[in-house]
Amino acid sequence: MRRTRCRRAARIAAVTYVAAMVAGGLVVGVLDASHAEQLLFWLSQPGLNVLYVFVLMPLTVVLGDSGAAADAGGATGLVLACGLGAAVNVLLLRTAVCFARMVAADLPACRKRRSPVR
(Lines give C-alpha, C1' and ligand atoms only; values in the text may rest on other atoms or scores of the structure.)
Protein backbone atom coordinates (compact mmCIF):
# COMPACT_ATOMS: atom_id res chain seq x y z
CA MET A 1 0.00 0.00 0.00
CA ARG A 2 2.88 2.36 0.73
CA ARG A 3 4.27 2.04 -2.79
CA THR A 4 0.90 2.97 -4.31
CA ARG A 5 0.70 6.08 -2.14
CA CYS A 6 4.25 7.07 -3.08
CA ARG A 7 3.56 6.63 -6.80
CA ARG A 8 0.36 8.63 -6.54
CA ALA A 9 2.16 11.45 -4.74
CA ALA A 10 4.89 11.41 -7.40
CA ARG A 11 2.30 11.66 -10.18
CA ILE A 12 0.55 14.53 -8.43
CA ALA A 13 3.89 16.33 -7.94
CA ALA A 14 4.80 15.82 -11.61
CA VAL A 15 1.47 17.13 -12.88
CA THR A 16 1.67 20.08 -10.48
CA TYR A 17 5.20 20.92 -11.67
CA VAL A 18 4.25 20.84 -15.35
CA ALA A 19 1.04 22.82 -14.73
CA ALA A 20 2.93 25.44 -12.70
CA MET A 21 5.50 25.82 -15.46
CA VAL A 22 2.77 26.22 -18.11
CA ALA A 23 0.89 28.76 -15.98
CA GLY A 24 4.10 30.63 -15.20
CA GLY A 25 5.01 30.70 -18.88
CA LEU A 26 1.59 32.08 -19.75
CA VAL A 27 1.74 34.79 -17.09
CA VAL A 28 5.30 35.81 -17.95
CA GLY A 29 4.49 35.79 -21.67
CA VAL A 30 1.50 38.07 -21.18
CA LEU A 31 3.18 40.44 -18.70
CA ASP A 32 6.58 40.44 -20.46
CA ALA A 33 8.68 40.11 -17.28
CA SER A 34 12.29 39.34 -18.22
CA HIS A 35 13.53 38.33 -14.73
CA ALA A 36 10.72 35.81 -14.28
CA GLU A 37 11.36 34.49 -17.79
CA GLN A 38 14.97 33.73 -16.83
CA LEU A 39 13.74 31.90 -13.72
CA LEU A 40 11.31 29.80 -15.77
CA PHE A 41 14.02 28.87 -18.26
CA TRP A 42 16.31 27.94 -15.37
CA LEU A 43 13.63 25.73 -13.76
CA SER A 44 12.98 23.84 -17.00
CA GLN A 45 16.61 23.74 -18.09
CA PRO A 46 17.70 20.11 -18.62
CA GLY A 47 14.47 19.20 -20.38
CA LEU A 48 14.50 22.39 -22.42
CA ASN A 49 18.00 21.63 -23.70
CA VAL A 50 16.98 18.09 -24.70
CA LEU A 51 13.93 19.51 -26.44
CA TYR A 52 15.99 22.04 -28.39
CA VAL A 53 18.68 19.59 -29.46
CA PHE A 54 16.53 16.61 -30.40
CA VAL A 55 13.31 18.26 -31.60
CA LEU A 56 13.61 21.93 -32.51
CA MET A 57 17.02 21.94 -34.18
CA PRO A 58 16.19 19.00 -36.50
CA LEU A 59 12.85 20.63 -37.36
CA THR A 60 14.66 23.83 -38.26
CA VAL A 61 17.03 21.91 -40.51
CA VAL A 62 14.22 19.97 -42.20
CA LEU A 63 11.72 22.81 -42.59
CA GLY A 64 14.18 25.65 -43.05
CA ASP A 65 14.62 28.82 -41.03
CA SER A 66 12.92 31.91 -42.41
CA GLY A 67 14.24 34.23 -39.70
CA ALA A 68 11.19 36.50 -40.01
CA ALA A 69 9.10 34.61 -37.46
CA ALA A 70 11.66 34.76 -34.66
CA ASP A 71 9.58 37.01 -32.39
CA ALA A 72 6.17 35.85 -33.58
CA GLY A 73 5.82 33.21 -30.81
CA GLY A 74 5.32 35.59 -27.89
CA ALA A 75 3.42 34.10 -24.97
CA THR A 76 2.59 30.90 -26.83
CA GLY A 77 6.23 30.11 -27.52
CA LEU A 78 7.16 30.64 -23.89
CA VAL A 79 4.28 28.48 -22.68
CA LEU A 80 5.27 25.67 -25.03
CA ALA A 81 8.95 25.91 -24.17
CA CYS A 82 8.41 25.90 -20.41
CA GLY A 83 5.67 23.28 -20.43
CA LEU A 84 7.42 20.85 -22.77
CA GLY A 85 10.74 21.38 -20.99
CA ALA A 86 9.07 20.55 -17.68
CA ALA A 87 7.44 17.45 -19.19
CA VAL A 88 10.81 16.25 -20.47
CA ASN A 89 12.28 16.86 -17.01
CA VAL A 90 9.58 14.64 -15.50
CA LEU A 91 10.33 11.91 -18.03
CA LEU A 92 14.08 12.16 -17.36
CA LEU A 93 13.52 11.86 -13.62
CA ARG A 94 11.17 8.90 -14.07
CA THR A 95 13.75 7.15 -16.25
CA ALA A 96 16.46 7.68 -13.63
CA VAL A 97 14.24 6.32 -10.85
CA CYS A 98 13.25 3.25 -12.91
CA PHE A 99 16.91 2.59 -13.71
CA ALA A 100 17.88 2.86 -10.03
CA ARG A 101 15.09 0.46 -9.05
CA MET A 102 16.17 -2.01 -11.71
CA VAL A 103 19.79 -1.91 -10.54
CA ALA A 104 18.72 -2.29 -6.90
CA ALA A 105 16.58 -5.31 -7.80
CA ASP A 106 19.42 -7.01 -9.72
CA LEU A 107 22.17 -6.24 -7.22
CA PRO A 108 21.48 -9.15 -4.78
CA ALA A 109 21.45 -11.66 -7.64
CA CYS A 110 24.77 -10.33 -8.93
CA ARG A 111 26.33 -10.61 -5.49
CA LYS A 112 25.23 -14.26 -5.19
CA ARG A 113 26.73 -15.18 -8.57
CA ARG A 114 30.05 -13.57 -7.81
CA SER A 115 32.65 -16.16 -6.90
CA PRO A 116 35.38 -15.39 -4.40
CA VAL A 117 38.75 -14.37 -5.84
CA ARG A 118 41.59 -16.86 -5.15
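A nonpolar surface patch of about 1000 Å² is formed by Val50, Tyr52, Val53, Phe54, Val55, Leu56, Met57, Leu59, Val62, Leu63 and Leu92. Helix α3 supplies the largest share of this patch, 10 residues. The model is predicted, and its chain holds four helices and zero strands.

**Overall fold**

- In sequence order, the chain shows the pattern α-α-α-α.
- Of the contacts in the chain with a separation of 6 or more, 81% join residues 24 or more positions apart.
- Buried residues account for 16% of the 118 residues in the chain.
- The chain has an accessible surface of about 9400 Å², and carbon and sulfur atoms contribute 67% of that surface.

**The surface patch**

- Leu59, one of the residues of the nonpolar patch, is located in helix α3.
- Leu59 is classed as partly exposed because its relative accessibility is 43%, a value that falls between the limits of 20% for buried and 50% for exposed.
- In soluble globular proteins, nonpolar side chains tend to be buried together.

**The largest nonpolar core**

- Six residues make up the largest nonpolar core: Met21, Val28, Leu40, Leu78, Cys82 and Ala86.
- Two elements, α1 (2-31) and α4 (74-113), each give two or more residues to this core.
- The largest share, three residues, comes from α4.
- Met21, a member of the core, is in contact with Leu40, Leu43, Ser44, Cys82 and Ala86 when its neighbours within four places in sequence are set aside.

- Ser44 sits in the loop that links α2 (34-43) to α3 (45-63).
- Ser44 has a relative accessible area of 0% and therefore counts as buried, since the cut-off for buried is under 20%.
- The side chain of Ser44 reaches the backbone oxygen of Leu40 at 3.1 Å, and Leu40 is itself part of the largest nonpolar core.
- With neighbours within four places in sequence left aside, Ser44 is in contact with Tyr17, Met21, Cys82, Gly85, Ala86 and Asn89.
- Among these partners of Ser44, Met21, Cys82 and Ala86 belong to the largest nonpolar core.

Conventions. Residues numbered from 1 in each chain as written. Predicted model: local features only at pLDDT ≥ 70, side-chain atom pairs only at ≥ 80, totals over all residues. Heavy atoms only, no water. Buried < 20%, exposed > 50% of the residue type's maximum accessible area, 1.4 Å probe, protein only. Polar contact = N/O pair within 3.5 Å; in protein donor to acceptor, adjacent residues only side chain to side chain. Contact = heavy atoms within 4.5 Å. Patch = residues over 30% accessible without salt bridge, like charges linked within 9 Å, V, L, I, M, F, W, Y side chains within 5 Å. Areas by Shrake-Rupley, 256 points an atom, 1.4 Å probe, with all protein chains shown as cover. Salt bridge = Lys/Arg side-chain N within 4 Å of Asp/Glu carboxyl O. Core = buried A, V, L, I, M, F, W, Y, C linked by side-chain atoms within 4.5 Å.
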